[in-house]
Structure formats: C-alpha cells, structure tokens
Amino acid sequence: MSVVRCRRCDTHWSATVQPLCPVCLLESWLASPDLVTPKHHPEHRSAVHDDYRSILAPEVLDDLRATLAAAVVEGTWYYNTEYEKFNHVTRRPMDRKPGAGLHAGSTNPDRHLDDLVVADADRAPHVFADHRDETRRKITKGVYLPLETCSRSKCDNLRTPGEQKCAIHTSPPLANVDR
Ligand SMILES: [Zn+2]
Ligand SMILES: [Zn+2]
C-alpha cells in the first residue's frame, strides 16, 4: 500500500486503492452542475418515461454530501467500454439503498437498487442507481474493466483515469510520496 499526499489539499490516501485524492474528487462531484439530472430525481417521479430509468432515494438527495463522502472512499472505479468513460460504483453507501427502478411507462418504483453510480466520474459527473446484478453483468461481460496499475515499473498504484500513470508519476503529478 502506497500512501501519497495530495499536492492540492494535503490529504493522504492510498494510491493502490484509490487513483485520485478523495477530498478533491468529492468536491469536483459536488461542483458538477449536472450531478443530479431531472430524469433520476425523485421529485420528477410522476413524469412518465418511455424507457426504464432509476430514481435516487430521497435520503440520498437530502444527504448528498455525506452519501458521496462515504461513496468516494468505499467505491470502485471501472472503465465503461460502452461509453468510453470512467464510472465509480459504490454498493449501499452509508448502508442505504441508493435508489429504485421504474419500468418504461411506469411512475411507481418496482425494485430496489443497491449500487450508487457516479458516471463519467472524473469529467462530467452525474449520479444514478443501478441493480447489483447489472453491475455484476457489466463486470462479467467486460463492459466494466478494473483500473490498471501504473505503467511505471515496480509501481503498483492505480492509474489516474485516462492516464497511463498514477497520481505521483503522471505529469504534472497530482500527489507526492508521503515521507
Ligand atoms: Zn486533494
Ligand atoms: Zn506510479
């Protein structure tokens, strides 16, 4: 395990477990103007959609900062080969079911969803909920690929999303080795 220190905010984190500073990442999520779109907002539940959709649990929105603060340290990054973007997935952040699913044409949720997804998590983050079986399917089918480790030899830190190297070896570096 390699503990590194964020060059921006001095937070320490393990770069073998998380590719980016969790504090800076959380702030970038919360600053995203499209973090919660109307489609996934429970207030707009009564709007009928032609496709299946998920809505977020009201508790998640009431407590969005705390929920995402839990997710940012517990979740796992994947590269989504379908969308060519990075998704960050957390099972039951704060021990809550983060959302529910509605079938096409329905305004009543008919299943609970366990996974909170921050899609495009390093660029234009937005949140939704997904079924754990769907997450499993995406991993099994190779839709979700795990992050690779740094291309620098003997470095087992995770690669920064979209880069070949980790937070300390990317240029300019995002973090320093903690001494
Ligand atoms: Zn930071
Ligand atoms: Zn490295």
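Trainee: Arg 5 stands opposite His 12 in E2. What makes E1 and E2 a pair?

Mentor: First, this is a predicted model, where local features need pLDDT of at least 70, side-chain atom pairs count only at pLDDT 80 or more, and totals for chains, interfaces and linings use all residues. Residues are numbered from 1 along each chain as its sequence is written, with chains lettered from A and ligands numbered from 1 in the order in which they are written. Now, strands (DSSP runs of E, at least two residues, numbered from the N terminus) pair if DSSP finds at least two bridges between them. E1 (residues 3–6) and E2 have 3 bridges, in the antiparallel sense, so they count as a pair.

Trainee: Why are E2 and E11 said to stand at the edges?

Mentor: The open sheet has 3 strands in the order E2-E1-E11. E2 (12–14) and E11 (175–177) each have a single partner strand, so one side of each is left without a neighbour in the sheet.

Trainee: What makes E5 mostly covered?

Mentor: In E5, 5 of 7 residues are buried, meaning that 20 or more other C-beta atoms, placed from the backbone, lie within 10 Å of the residue's own. E5 also runs antiparallel to E4, with 5 bridges, and to E8, with 4 bridges. Trp 77 has His 88 as its bridge partner in E5, while Val 89 has Val 117 in E8.

Trainee: Which residues have the most contacts inside the largest nonpolar core?

Mentor: Ala 15, Val 117, Ala 167 and Ala 175, in a core of 35 residues. Such a core is a set of buried Ala, Val, Leu, Ile, Met, Phe, Trp, Tyr and Cys residues joined through C-beta atoms within 7 Å.

Conventions:
A residue is buried if 20 or more other C-beta atoms lie within 10 Å of its own, exposed if 12 or fewer, and partly exposed in between; C-beta atoms are placed from the backbone.
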